[in-house]
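Hi everyone, thanks for making time.

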Amino acid sequence: MTDFRVSLEAHDLSVRYTELVALEIPRLVAHGQIIAVLGHNGAGKSTLIKALLGLLIPHSGSLQVRDSDGLILRPEEHMAFCPENGAVFADISVESYLRLWCRIKHDNPRYYLKTGATYVERLSITQLLAKKGRELSKGQRRRVQTALGFMGDPRLFLFDEPFDGLDVQRTNDLMEIVEEERAKRAFLISSHRMDVMERLADLVLVLRNGSVASVGSVPEVCADLTHGLVDGSSRSLTDAMRSHLQSMRE
Amino acid sequence: MRKSLHLALSLIRIPHLAISLFLFPLLISLVLVFVQLVATGLLVKASSLETATSHIATKRQADLSTIRRILYGSANLRSTVKICRWIDDVEGERPPDSECAPDRLDVAINVSDPSSFDPSKYVELFNGQVDRLHVCRTCQPDVVIAVDSSGVARSEIYSMYGMLVLSLPYTKSDLRDQKIQLMRNISDVKKSFGELHLHLPDVDGGIGVSQLQGSVPFTLNIGLLVLIGLWLALRAHRRVLDYFSHNNVLLPLVAACGKGPFYTALWMLTLLRVGCFLGASIPMVFFGLKDIAGPKVFETLEMPLWQLVVWLLVLITAFGLATVIASIAELKHRHSVLSFAYKVMPILIALFGAAMWGGSFILPTNSMATLRLWLSAVPVVGMTPIFLAPIIKLPLIPLLIHGACSVILLKWALTHNARWFAAHLEEV
């Protein structure tokens with residue numbers, strides 16, 4: 001199976017909230033299928049996602065994602081985003097939301113019944129169709145939004161904390177889906193679940209105070225973050241991040 | 001553009017948005033326009049002597065007797081009112097005879113000593129209007145007028161019919177005749193002065209005060225329409241953003257549709273909303289004004305059509321600037337305790353400008369006239385003179401300067417804050 005890869009490229013990137021610099025990356029070229037974006041709160045993970053989605057305009061420099069053919073991915077055409085809390089209208093049914101989304105993205109409100117049926121089934125949405133958004137749990141809302149994201153057939157799927165609050169079964173299900181989908185699309189996942197990221201990600205990007213602290217494969221990042229510590233390269237990502245956060249506090 | 005239109009039409013399908021964005025505000029706005037028209041009608045009727053006299057004269061019996069028709073089933077005057085002085089016996093207070101048996105539609109005058117009370121004043125008022133006038137200590141039909149020993153009266157009304165009974169004396173023909181005479185006298189005084197022209201240093205040819213009867217309602221109604229339209233536009237933006245934001249779908253939706261198409265769709269919804277409102281209200285105001293102030297209402301404006309259009313455009317940008325400033329300020333400082341102060345800041349500035357502008361009329365000098373022109377040209381500060389431009393015949397130059405400055409400031413406010421909005425999209 002040929003995996004789909006994207007390259008994340010930033011040149012002299014500076015993203016600011018008025019005067020506050022939220023993200024500053026002088027140069028970054030990173031290739032990956034499943035990119036884990038890690039960092040403490042306020043490190044710049046959400047800013048990076050918003051900048052990738054074109055919701056934040058860089059103050060200077062550029063940020064873009066290319067596919068393996070060199071095509072620059074455009075947010076509305078090639079990307080999907082699933083926020084941390086899931087996104088479903090509280091007062092309309094899941095089915096109406098799916099229809100609305102399919103009408104917007106595919107000009108066909110019944111798209112979810114045909115092409116999108118796999119995702120509806122795989123993410124166990126079928127039994128939720130009649131429920132309104134307000135009746136769904138956080139995990140269910142996220143499943144709906146995840147299904148919608150897949151239905152857009154994106155080349156890059158951006159996930160914000162997708163595993164947060166999921167039980168073991170749901171975590172494994174989602175990991176399985178991501179693993180299966182990596183042939184067709186790349187993923188950029190912002191998460192605190194180091195154990196999951198360690199198993200999934202082939203590229204890890206660690207942000208620290210708005211800049212890149214480390215980037216590379218899991219072993220590379222582990223070595224990088226624990227550099228100078230006892231046998232750093234043999235540590236797990238969880239331990240490496242713990243050391244990283246500890247060093248920040250010190 | 002097609003994508004945005006498609007998105008806008010898709011979003012309207014969300015029932016909550018359709019109701020809150022179109023139906024509810026449209027109804028509210030139309031009610032506001034209706035109230036505005038009624039208020040205008042009352043204003044015009046009250047200020048028009050000719051209308052008032054003819055109104056009173058033509059409605060002599062027909063309309064006013066409607067109350068009697070409701071109360072008694074007949075529009076005719078009642079027979080002479082019967083005075084029933086109640087008497088005391090061993091069982092307590094009772095009517096003097098069987099013809100004085102109390103009815104709900106009678107009127108009672110509660111006094112401490114019924115035998116000595118002189119009811120002639122009340123007989124004169126209620127003669128032909130009610131059947132019986134009871135003079136008693138405690139009897140209680142729907143209308144009771146309690147008169148104390150010093151002659152001070154207080155009326156207690158126990159039903160809506162009682163309210164109608166009490167309104168009957170106002171319909172008496174001699175009272176109406178006096179009213180008509182008064183109106184005619186005032187009209188005579190007015191005729192002896194002819195048309196009034198108020199001359200101010202900054203107004204060429206003076207202001208035709210006699211023409212204000214037409215231009216004031218026109219200006220007020222158009223100005224209020226613009227205000228309601230802007231309010232609807234502003235609320236449309238916030239409502240859609242708030243709705244998406246509360247449901248946490250703003251970011252995924254904007255990301256999925258693209259920022260440009262999403263905001264264009266938002267503008268389309270806004271325009272659609274304002275369009276619906278204007279489509280419903282403009283004919284209502286047009287025909288309403290024509291009916292209320294007469295068909296010549298649109299001829300009383302001493303302003304060519306192109307100048308009227310310029311005024312409208314300037315009015316829209318001036319009010320638009322004020323509402324955008326208020327909205328942005330409130331949004332950016334919504335977590336502050338004083339957020340409401342930011343919201344009303346443009347109104348306070350405009351009121352300050354209005355006070356200065358109005359105060360300048362106290363001194364009829366050229367320097368004050370110049371000050372007025374300067375004030376009129378300053379955005380937000382000069383909103384009052386801009387609003388009243390057709391009435392006060394504001395010269396074109398300050399009008400244009402005000403409009404140009406408002407457009408520049410509007411553009412600056414929007415572009416300057418665009419980055420902030422983008423950064424705080426999910427917090428909106």
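What you're looking at is a predicted model, where local features need pLDDT of at least 70 and side-chain atom pairs count only at pLDDT 80 or more, while totals for chains, interfaces and linings use all residues. Residues are numbered from 1 along each chain as its sequence is written, and chains are lettered from A and ligands numbered from 1 in the order in which they are written.

Let's start with two loop residues in chain A. Glu161(A) is in the loop between strand 6 (156-160) and helix 6 (168-181) of chain A. Its phi is near 50°, which is positive, and the residue isn't glycine. Glu161(A) counts as partly exposed because it has 19 C-beta neighbours inside 10 Å.

Asp107(A) is the other one, in the loop between helix 3 and helix 4 (117-122) of chain A. Phi of Asp107(A) is near 60°, again positive in a residue other than glycine. Asp107(A) has 11 C-beta neighbours inside 10 Å, so Asp107(A) counts as exposed.

Now the strands of chain A. Two strands pair if DSSP finds at least two bridges between them. Strand 1 (residues 6-17) of chain A runs antiparallel to strand 4 (residues 60-67) of chain A, with 7 bridges, and Val6(A) sits opposite Asp67(A) there. Strand 1 of chain A also pairs with strand 2 (residues 20-32) of chain A, antiparallel too, over 11 bridges. In that pairing, Glu9(A) has Val29(A) as its bridge partner.

Still in chain A, which residues of helix 8 (residues 218-225) are buried? They are Val218(A), Val221(A), Cys222(A) and Leu225(A). These cover an arc of only 100° around the axis, so they sit on the same side of helix 8 of chain A; the arc is that of the directions from the helix axis to the C-beta atoms. The background, for anyone who wants it: an α-helix has 3.6 residues a turn, so residues three or four places apart point the same way.

On to the core. A nonpolar core here is a set of buried Ala, Val, Leu, Ile, Met, Phe, Trp, Tyr and Cys residues joined through C-beta atoms within 7 Å. The largest has 134 residues, and Ile35(A), Ala36(A) and Leu158(A) are among those with the most contacts inside it. Helix 8 (residues 212-246) of chain B gives the most to this core, with 10 residues. Apart from it lies another core, of 22 residues, including Cys100(B) and Leu168(B).

Contact, by the way, means two C-beta atoms, placed from the backbone, within 7 Å. Setting aside neighbours within four places in sequence, Ala36(A) is in contact with residues including Ile189(A), Met197(A) and Leu205(A).

Where do the chains meet? The contact takes 29 residues from chain A and 22 residues from chain B. On the chain A side, helix 2 (75-78), strand 5 (79-82) and helix 3 (94-106) each supply at least two residues.

Finally, chain B, which has 16 helices and 9 strands. Of its 428 residues, 30% count as buried. One of the residues in helix 8 of chain B is Arg239(B), and Arg239(B) counts as buried because it has 20 C-beta neighbours inside 10 Å. The C-alpha atoms of Arg239(B) and Leu21(B) are 7.3 Å apart, although 218 residues separate them along the chain.

Chain B also has an open sheet of 5 strands in the order 1-5-4-6-7, with mixed pairing. Strand 1 (82-85) and strand 7 (153-157) of chain B are at the edges with a single partner strand each, so one side of each has no neighbour in the sheet. Inside the sheet, strand 4 (residues 107-110) and strand 5 (residues 132-136) of chain B run parallel, joined by 4 bridges, and Asn110(B) stands opposite Cys136(B).

Note on methods: A residue is buried if 20 or more other C-beta atoms lie within 10 Å of its own, exposed if 12 or fewer, and partly exposed in between; C-beta atoms are placed from the backbone.
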